[in-house]
Amino acid sequence: SSSSSSSGSNESHIGGGEGYSNVVPESEATTVASSLSELKSALNGASSGDIVYVAGDAEINLGESQLTVPSGVTLASNRGIGGAKGGRLYTKGHPWGMLTLESNVRVTGLRIAGPRWDWVDETETTELGLDASGSGVEIDNIEGYGWGYAVARTADDTHVHHCHLHHCSRMGHGYGIATEGSDYPIIEYNRFEHNRHSVQGNGGGYEIRYNVVDVPGISHVFDQHRPGGKTMKIHHNTVRVAKDKGGRDGGGGNAPAVAIRGTPSDVAEIHDNWFYNDKQPRSSPSGWTDEAIIQVHTDSWQNVEFNNNHYGSDEPASDVGHPR
(Lines give C-alpha, C1' and ligand atoms only; values in the text may rest on other atoms or scores of the structure.)
Protein backbone atom coordinates (compact mmCIF):
# COMPACT_ATOMS: atom_id res chain seq x y z
CA SER A 1 0.00 0.00 0.00
CA SER A 2 3.01 2.25 -0.26
CA SER A 3 4.39 4.44 -2.99
CA SER A 4 8.05 3.59 -3.04
CA SER A 5 9.02 5.39 -6.21
CA SER A 6 8.22 8.70 -7.80
CA SER A 7 6.64 7.14 -10.87
CA GLY A 8 3.20 8.50 -11.57
CA SER A 9 3.31 10.95 -8.68
CA ASN A 10 2.90 14.65 -9.02
CA GLU A 11 2.55 17.48 -6.58
CA SER A 12 -1.22 17.20 -6.43
CA HIS A 13 -0.83 13.85 -4.68
CA ILE A 14 1.85 15.06 -2.27
CA GLY A 15 0.13 15.50 1.08
CA GLY A 16 -2.74 13.21 0.15
CA GLY A 17 -6.36 14.32 -0.07
CA GLU A 18 -8.05 14.81 -3.42
CA GLY A 19 -6.41 12.64 -6.07
CA TYR A 20 -4.84 10.19 -3.63
CA SER A 21 -5.71 6.76 -4.93
CA ASN A 22 -5.08 4.36 -2.06
CA VAL A 23 -8.16 5.29 -0.06
CA VAL A 24 -10.41 3.06 2.05
CA PRO A 25 -14.14 3.52 1.33
CA GLU A 26 -16.67 3.15 4.13
CA SER A 27 -18.10 0.11 2.32
CA GLU A 28 -15.00 -1.85 3.39
CA ALA A 29 -15.49 -1.07 7.09
CA THR A 30 -15.92 -3.74 9.73
CA THR A 31 -17.44 -1.16 12.10
CA VAL A 32 -18.26 2.55 11.74
CA ALA A 33 -17.94 4.99 14.65
CA SER A 34 -19.47 8.47 14.98
CA SER A 35 -18.93 9.09 18.70
CA LEU A 36 -16.24 8.54 21.32
CA SER A 37 -18.14 5.67 22.91
CA GLU A 38 -18.59 3.98 19.54
CA LEU A 39 -14.91 4.48 18.69
CA LYS A 40 -13.76 3.03 22.03
CA SER A 41 -16.09 0.06 21.60
CA ALA A 42 -14.98 -0.56 18.01
CA LEU A 43 -11.27 -0.45 18.86
CA ASN A 44 -11.72 -2.62 21.96
CA GLY A 45 -13.55 -5.22 19.87
CA ALA A 46 -11.32 -5.10 16.82
CA SER A 47 -8.94 -7.85 15.79
CA SER A 48 -6.27 -8.14 13.12
CA GLY A 49 -7.65 -7.56 9.64
CA ASP A 50 -10.58 -5.43 10.79
CA ILE A 51 -11.23 -1.90 9.50
CA VAL A 52 -12.55 0.54 12.10
CA TYR A 53 -14.03 3.50 10.27
CA VAL A 54 -14.57 7.00 11.58
CA ALA A 55 -17.66 8.35 9.80
CA GLY A 56 -16.70 11.03 7.32
CA ASP A 57 -18.92 13.63 8.97
CA ALA A 58 -17.85 12.75 12.53
CA GLU A 59 -16.05 15.21 14.79
CA ILE A 60 -15.06 13.29 17.90
CA ASN A 61 -13.60 15.03 20.94
CA LEU A 62 -11.22 12.62 22.64
CA GLY A 63 -10.38 14.96 25.52
CA GLU A 64 -7.70 13.26 27.60
CA SER A 65 -8.63 9.80 26.27
CA GLN A 66 -5.72 7.68 25.08
CA LEU A 67 -6.90 4.93 22.78
CA THR A 68 -5.01 1.98 21.31
CA VAL A 69 -5.37 0.68 17.77
CA PRO A 70 -4.75 -3.07 18.15
CA SER A 71 -2.23 -4.99 16.05
CA GLY A 72 -3.22 -5.54 12.45
CA VAL A 73 -6.21 -3.16 12.57
CA THR A 74 -6.80 -0.34 10.06
CA LEU A 75 -8.29 2.90 11.40
CA ALA A 76 -9.68 4.83 8.45
CA SER A 77 -11.90 7.64 7.22
CA ASN A 78 -12.74 9.21 3.88
CA ARG A 79 -10.22 12.04 3.37
CA GLY A 80 -9.84 12.66 -0.37
CA ILE A 81 -12.88 10.65 -1.46
CA GLY A 82 -15.05 13.03 -3.48
CA GLY A 83 -13.38 16.02 -1.87
CA ALA A 84 -14.03 14.84 1.68
CA LYS A 85 -11.87 16.24 4.48
CA GLY A 86 -12.01 13.03 6.53
CA GLY A 87 -13.50 12.38 9.94
CA ARG A 88 -11.85 14.47 12.67
CA LEU A 89 -10.48 13.20 15.96
CA TYR A 90 -9.55 16.16 18.13
CA THR A 91 -8.62 17.23 21.63
CA LYS A 92 -8.28 20.44 23.55
CA GLY A 93 -6.34 18.50 26.17
CA HIS A 94 -2.78 17.21 26.29
CA PRO A 95 -2.77 13.42 25.90
CA TRP A 96 0.60 11.74 25.51
CA GLY A 97 -0.51 9.41 22.75
CA MET A 98 -4.09 10.19 21.76
CA LEU A 99 -3.78 7.09 19.58
CA THR A 100 -1.19 4.39 20.27
CA LEU A 101 -0.55 2.25 17.21
CA GLU A 102 0.41 -1.37 17.78
CA SER A 103 2.25 -3.52 15.22
CA ASN A 104 1.06 -3.61 11.61
CA VAL A 105 -1.54 -0.91 12.15
CA ARG A 106 -2.57 1.42 9.34
CA VAL A 107 -4.09 4.83 10.02
CA THR A 108 -5.46 6.53 6.90
CA GLY A 109 -7.89 9.19 5.70
CA LEU A 110 -8.38 10.98 9.04
CA ARG A 111 -7.89 14.43 10.49
CA ILE A 112 -5.97 14.34 13.76
CA ALA A 113 -6.21 17.69 15.55
CA GLY A 114 -4.34 18.85 18.61
CA PRO A 115 -5.21 21.64 21.06
CA ARG A 116 -3.60 24.68 19.49
CA TRP A 117 -3.11 26.62 16.32
CA ASP A 118 -0.96 29.53 17.42
CA TRP A 119 2.57 29.53 18.80
CA VAL A 120 2.93 28.80 22.52
CA ASP A 121 5.99 28.78 24.76
CA GLU A 122 7.38 25.91 26.80
CA THR A 123 5.22 26.56 29.85
CA GLU A 124 2.26 24.80 28.22
CA THR A 125 2.08 21.01 28.50
CA THR A 126 3.04 19.18 25.33
CA GLU A 127 1.10 16.33 23.75
CA LEU A 128 1.36 13.56 21.16
CA GLY A 129 -1.20 12.70 18.47
CA LEU A 130 -0.13 9.40 16.87
CA ASP A 131 2.24 7.25 18.92
CA ALA A 132 3.64 4.97 16.22
CA SER A 133 5.33 2.60 18.64
CA GLY A 134 4.54 -0.71 16.97
CA SER A 135 6.52 -2.28 14.15
CA GLY A 136 5.18 -2.20 10.60
CA VAL A 137 2.99 0.87 11.13
CA GLU A 138 1.71 2.79 8.09
CA ILE A 139 0.35 6.32 8.41
CA ASP A 140 -0.96 7.77 5.15
CA ASN A 141 -3.35 10.41 3.83
CA ILE A 142 -3.66 12.05 7.27
CA GLU A 143 -4.09 15.74 8.00
CA GLY A 144 -2.48 16.40 11.36
CA TYR A 145 -2.14 19.77 13.06
CA GLY A 146 -1.96 21.56 16.38
CA TRP A 147 0.41 19.25 18.26
CA GLY A 148 3.62 19.36 20.22
CA TYR A 149 4.28 16.05 18.45
CA ALA A 150 1.89 15.11 15.61
CA VAL A 151 3.50 11.71 14.84
CA ALA A 152 6.19 10.40 17.14
CA ARG A 153 8.07 7.49 18.67
CA THR A 154 8.18 5.86 15.26
CA ALA A 155 9.47 2.31 15.07
CA ASP A 156 12.41 1.38 12.85
CA ASP A 157 10.16 0.54 9.89
CA THR A 158 7.36 3.11 10.22
CA HIS A 159 6.11 4.44 6.87
CA VAL A 160 4.59 7.95 6.89
CA HIS A 161 3.46 9.11 3.47
CA HIS A 162 1.03 11.39 1.64
CA CYS A 163 0.16 13.27 4.84
CA HIS A 164 -0.35 16.99 5.43
CA LEU A 165 1.26 17.91 8.75
CA HIS A 166 1.08 21.54 9.78
CA HIS A 167 0.77 24.11 12.58
CA CYS A 168 2.83 22.16 15.08
CA SER A 169 4.28 25.30 16.58
CA ARG A 170 5.11 24.85 20.24
CA MET A 171 8.39 26.22 21.60
CA GLY A 172 10.84 23.42 22.38
CA HIS A 173 8.81 20.84 20.45
CA GLY A 174 6.46 21.54 17.53
CA TYR A 175 7.26 18.49 15.40
CA GLY A 176 5.36 17.17 12.40
CA ILE A 177 7.20 13.85 12.78
CA ALA A 178 9.58 13.02 15.62
CA THR A 179 11.47 9.86 14.79
CA GLU A 180 13.17 9.72 18.20
CA GLY A 181 15.58 6.76 18.30
CA SER A 182 14.21 4.70 15.42
CA ASP A 183 16.62 3.38 12.83
CA TYR A 184 15.02 3.92 9.46
CA PRO A 185 11.44 5.13 9.09
CA ILE A 186 10.50 6.20 5.56
CA ILE A 187 8.96 9.68 5.29
CA GLU A 188 7.78 10.50 1.77
CA TYR A 189 5.26 12.44 -0.34
CA ASN A 190 4.18 14.54 2.64
CA ARG A 191 3.34 18.23 2.75
CA PHE A 192 4.63 20.13 5.76
CA GLU A 193 4.06 23.76 6.76
CA HIS A 194 4.14 26.00 9.82
CA ASN A 195 5.97 23.49 12.02
CA ARG A 196 8.85 24.34 14.30
CA HIS A 197 10.64 21.31 12.83
CA SER A 198 8.90 19.25 10.18
CA VAL A 199 11.00 16.16 11.00
CA GLN A 200 13.04 15.72 14.18
CA GLY A 201 15.53 12.97 14.90
CA ASN A 202 16.81 12.07 18.34
CA GLY A 203 19.33 9.33 17.69
CA GLY A 204 18.74 6.68 15.05
CA GLY A 205 18.07 7.78 11.48
CA TYR A 206 15.51 8.17 8.73
CA GLU A 207 14.93 8.57 5.01
CA ILE A 208 13.14 11.78 4.02
CA ARG A 209 12.26 11.92 0.32
CA TYR A 210 9.73 13.39 -2.17
CA ASN A 211 8.27 15.84 0.37
CA VAL A 212 7.27 19.50 0.02
CA VAL A 213 7.79 21.93 2.89
CA ASP A 214 5.75 25.09 2.41
CA VAL A 215 6.08 28.45 4.10
CA PRO A 216 5.98 29.69 6.73
CA GLY A 217 8.73 28.00 8.65
CA ILE A 218 9.52 28.68 12.29
CA SER A 219 13.01 27.26 12.71
CA HIS A 220 15.21 24.79 10.81
CA VAL A 221 13.18 22.23 8.91
CA PHE A 222 14.81 18.78 9.15
CA ASP A 223 16.60 18.12 12.42
CA GLN A 224 18.86 15.57 14.04
CA HIS A 225 19.78 15.95 17.70
CA ARG A 226 23.10 15.23 19.32
CA PRO A 227 25.03 13.03 19.23
CA GLY A 228 24.15 13.11 15.51
CA GLY A 229 22.17 10.01 14.69
CA LYS A 230 23.13 7.01 12.56
CA THR A 231 22.05 6.91 8.88
CA MET A 232 20.07 9.84 7.46
CA LYS A 233 19.11 10.15 3.80
CA ILE A 234 17.42 13.38 2.71
CA HIS A 235 16.77 13.61 -1.02
CA HIS A 236 14.38 14.88 -3.70
CA ASN A 237 12.55 17.22 -1.34
CA THR A 238 11.49 20.79 -2.03
CA VAL A 239 11.85 23.10 0.97
CA ARG A 240 10.19 26.42 0.20
CA VAL A 241 11.08 27.76 3.63
CA ALA A 242 13.86 30.30 3.26
CA LYS A 243 13.29 32.63 6.22
CA ASP A 244 13.13 31.84 9.92
CA LYS A 245 9.82 33.21 11.22
CA GLY A 246 10.86 32.93 14.84
CA GLY A 247 11.83 30.34 17.38
CA ARG A 248 15.30 29.58 18.61
CA ASP A 249 17.00 32.80 17.49
CA GLY A 250 14.05 35.16 17.28
CA GLY A 251 13.74 34.87 13.53
CA GLY A 252 14.66 37.19 10.74
CA GLY A 253 17.53 35.24 9.22
CA ASN A 254 17.51 32.39 6.75
CA ALA A 255 16.20 29.06 7.99
CA PRO A 256 18.43 26.01 7.54
CA ALA A 257 16.67 23.20 5.68
CA VAL A 258 18.85 20.60 7.43
CA ALA A 259 20.56 20.90 10.81
CA ILE A 260 22.67 17.95 11.93
CA ARG A 261 23.72 18.45 15.54
CA GLY A 262 26.80 16.40 16.24
CA THR A 263 28.35 13.72 14.06
CA PRO A 264 26.38 10.81 12.53
CA SER A 265 27.78 7.41 13.45
CA ASP A 266 27.25 6.40 9.80
CA VAL A 267 26.36 9.22 7.41
CA ALA A 268 23.90 11.96 6.56
CA GLU A 269 23.46 12.02 2.78
CA ILE A 270 21.71 15.15 1.49
CA HIS A 271 21.27 15.26 -2.28
CA ASP A 272 19.01 16.32 -5.16
CA ASN A 273 16.94 18.66 -2.98
CA TRP A 274 15.54 22.05 -3.96
CA PHE A 275 16.20 24.43 -1.09
CA TYR A 276 14.72 27.93 -1.45
CA ASN A 277 17.33 29.07 1.09
CA ASP A 278 19.92 30.38 -1.36
CA LYS A 279 22.86 30.22 1.06
CA GLN A 280 25.04 27.25 0.19
CA PRO A 281 26.78 25.29 2.96
CA ARG A 282 29.99 26.79 4.34
CA SER A 283 33.34 25.25 3.58
CA SER A 284 33.54 24.50 7.31
CA PRO A 285 30.64 24.46 9.81
CA SER A 286 30.53 27.30 12.30
CA GLY A 287 27.73 26.72 14.79
CA TRP A 288 24.16 27.95 14.39
CA THR A 289 24.51 29.73 11.09
CA ASP A 290 21.77 30.17 8.49
CA GLU A 291 22.84 28.30 5.37
CA ALA A 292 20.59 25.64 3.84
CA ILE A 293 22.67 22.84 5.42
CA ILE A 294 24.46 23.20 8.75
CA GLN A 295 26.31 20.86 11.07
CA VAL A 296 26.55 22.04 14.66
CA HIS A 297 29.03 21.14 17.43
CA THR A 298 31.91 20.50 15.04
CA ASP A 299 34.21 22.79 13.08
CA SER A 300 34.61 20.43 10.12
CA TRP A 301 32.13 18.43 8.05
CA GLN A 302 32.03 14.95 9.60
CA ASN A 303 29.95 12.16 8.05
CA VAL A 304 27.72 14.73 6.36
CA GLU A 305 27.71 14.56 2.54
CA PHE A 306 25.80 16.86 0.22
CA ASN A 307 25.70 17.09 -3.55
CA ASN A 308 23.48 18.13 -6.44
CA ASN A 309 21.19 20.26 -4.26
CA HIS A 310 19.71 23.43 -5.75
CA TYR A 311 19.80 26.62 -3.67
CA GLY A 312 17.32 29.42 -4.40
CA SER A 313 13.72 29.80 -5.53
CA ASP A 314 14.38 29.54 -9.27
CA GLU A 315 13.33 26.15 -10.56
CA PRO A 316 16.01 23.48 -11.08
CA ALA A 317 15.96 20.52 -13.43
CA SER A 318 12.93 18.30 -12.99
CA ASP A 319 14.94 15.51 -11.36
CA VAL A 320 15.96 17.81 -8.49
CA GLY A 321 13.43 18.50 -5.75
CA HIS A 322 9.99 16.96 -5.29
CA PRO A 323 8.42 14.84 -8.06
CA ARG A 324 6.67 17.17 -10.50
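A: Happy to, starting with the packing. The largest nonpolar core has 59 residues, of which Leu-75, Leu-89, Leu-101 and Ile-139 touch the most other members. Such a core is a set of buried Ala, Val, Leu, Ile, Met, Phe, Trp, Tyr and Cys residues joined through side-chain atoms within 4.5 Å, where buried means under 20% relative accessible area with a 1.4 Å probe, protein chains only. Apart from it lies another core of five residues, including Leu-128 and Tyr-175. This is a predicted model, in which local features need pLDDT of at least 70 and side-chain atom pairs count only at pLDDT 80 or more, while totals for chains, interfaces and linings use all residues. Residues are numbered from 1 along each chain as its sequence is written, and side-chain values use heavy atoms, leaving out hydrogens and water.

Q: Which residues does Ile-139 touch?

A: Contact means heavy atoms within 4.5 Å. Not counting residues up to four places away in sequence, the partners of Ile-139 include Leu-101, Val-107, Leu-130 and His-159.

Q: And how do I read Asn-254: buried or exposed?

A: Asn-254 counts as buried because its relative accessibility is 8%. The side chains of Asn-254 and Asn-277 are joined by a polar contact of 2.8 Å; the term covers a pair of N or O atoms within 3.5 Å, and within protein one must be able to donate a hydrogen and the other to accept it, while residues adjacent in sequence count only if both atoms are side-chain atoms.

Key:
Buried means under 20% relative accessible area, exposed over 50%, partly exposed in between (1.4 Å probe, protein chains only).
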